[in-house]
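I opened the notebook to record what I looked up in this structure. The entries go from the whole chain down to single residues.

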Amino acid sequence: PEAREERPLDGLRIVSLGARGYADSGLLHEAVAKDRSDAIVVHFPNMELLRAVIGTNCRSMAVLANSYNRRGPKAWLERWRVAKLLNDPRFELVSNHCLPATNHLASFGVDRSKLIAWDVPHRFEPKAVAPKTLALGRSFKVAFAGAIRADKGVADLIRAAAQLRKDGLELECSFAGSGEIEEMQALGRELGVSDLLDFRGLVPNGDVFGLFRNADVVVVPSHKEYTEGFPLTMFEAIGSRTPIVCSDHPMFVPVLKNGVHAVLFAGGDASAFADALRHVLTDGDLYARLSENADLTWAALKGPADWRTMLTEWILRGRNSDWIDRHMLAREQPASA
């Protein structure tokens, strides 16, 4: 909330602009114009920021973690503007988190020859834990991690839990994350399932893996319109070998096949969500297969450039880096429609 500069380590400078919110204009443009860096990595696709960087004489690349899935004229115009800015020669490379989200940029016009998918090393892999089997019972543990928001599917999970309770199936739902917690608690009270909801707030990454491993099912119910890249929590879920129930979000469908890697449902449809949860939690063969197939799911997600190596190679060697060339999206087969 206040403009200041910090230098917590030699060679590291953190500049706070004093913005009251994302709608504040002018601050980013002014900050970029004053900056004297040799290279700029743009880490979120704010229009003002992209335009400000294009106006410099600085080597630049864009590193994103989002997608554009809304429909209608305004959404089309936003995609067109983003593609036009990212295609500017000032951005030598454009990267998005994992292959589906990077292919997504290419699908609406970002130059495929400058695209590279990124990921980070993961602490947990499915090979480190044993596959799980379904322990039948009246009560099951469901885990969610992420922003507590309606368009992340949190309200849908609460409604699904209420519907399944009427059918005699109890879901004890644990939520890791911050956001609209009071609103979701109020919805739980309204639907008579507040006793089934445990909002834990922000949880350390290592604890999220434990939460997932101890759950009977992990849910990732993002609405199709949500600007999801490929959520890092999905990797913890796969690494835990706990079966996943997720929405048919455009970034999930290219990788997660229904009944093979996860059980998918129509995002935003609480009734379909409840049916998917019931299916997983009452079919022991399906449950065991999903857990066993975590290795296949993990392998399907491998291939993106390591975040740290990608940035280091680009800063030191630029677009001529052989390592970067080997990881470019243009070397991958285009995703099928």
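My entries on this predicted model follow.

**Entry 1: the whole protein.** I counted the secondary structure and found 13 helices and 13 strands. I then looked up the radius of gyration, which is 21 Å. The globule rule gives 20 Å for 337 residues, so the protein is as compact as a globular protein of that length. The C-alpha trace spans about 65 × 45 × 45 Å along its principal axes.

**Entry 2: contacts and surface.** I took the contacts with a separation of 6 or more and found that 68% of them join residues 24 or more positions apart. Buried residues are 48% of the 337. The protein exposes about 16600 Å², and 50% of that comes from carbon and sulfur atoms.

**Entry 3: the cores.** Which residues have the most contacts inside the largest nonpolar core? I noted Ile158, Leu171, Phe175, Val245 and Leu277, in a core of 39 residues. Helix H5, residues 154-166, gives the most to this core, with eight residues. Apart from it I found another core of 27 residues, including Ala143, Ala215, Phe252 and Leu256.

I also checked isoleucine 158.

**Entry 4: glutamate 313.** Is glutamate 313 buried or exposed? Its relative accessible area is 15%, so I put it down as buried, the cut-off being under 20%. Glutamate 313 is in helix H12, residues 307-317. Its side chain makes a polar contact of 2.6 Å with the side chain of serine 321. Beyond four places in sequence, glutamate 313 touches Gly318, Ser321, Trp323 and Ile324.

Notes
Residues numbered from 1 in each chain as written. Predicted model: local features only at pLDDT ≥ 70, side-chain atom pairs only at ≥ 80, totals over all residues. Heavy atoms only, no water. Helix = DSSP H or I, 4+ residues; strand = E, 2+ residues; numbered from the N terminus. Buried < 20%, exposed > 50% of the residue type's maximum accessible area, 1.4 Å probe, protein only. Polar contact = N/O pair within 3.5 Å; in protein donor to acceptor, adjacent residues only side chain to side chain. Contact = heavy atoms within 4.5 Å. Core = buried A, V, L, I, M, F, W, Y, C linked by side-chain atoms within 4.5 Å. Rg over C-alpha atoms; globule rule 2.2 N^0.38 Å. Areas by Shrake-Rupley, 256 points an atom, 1.4 Å probe, with all protein chains shown as cover.
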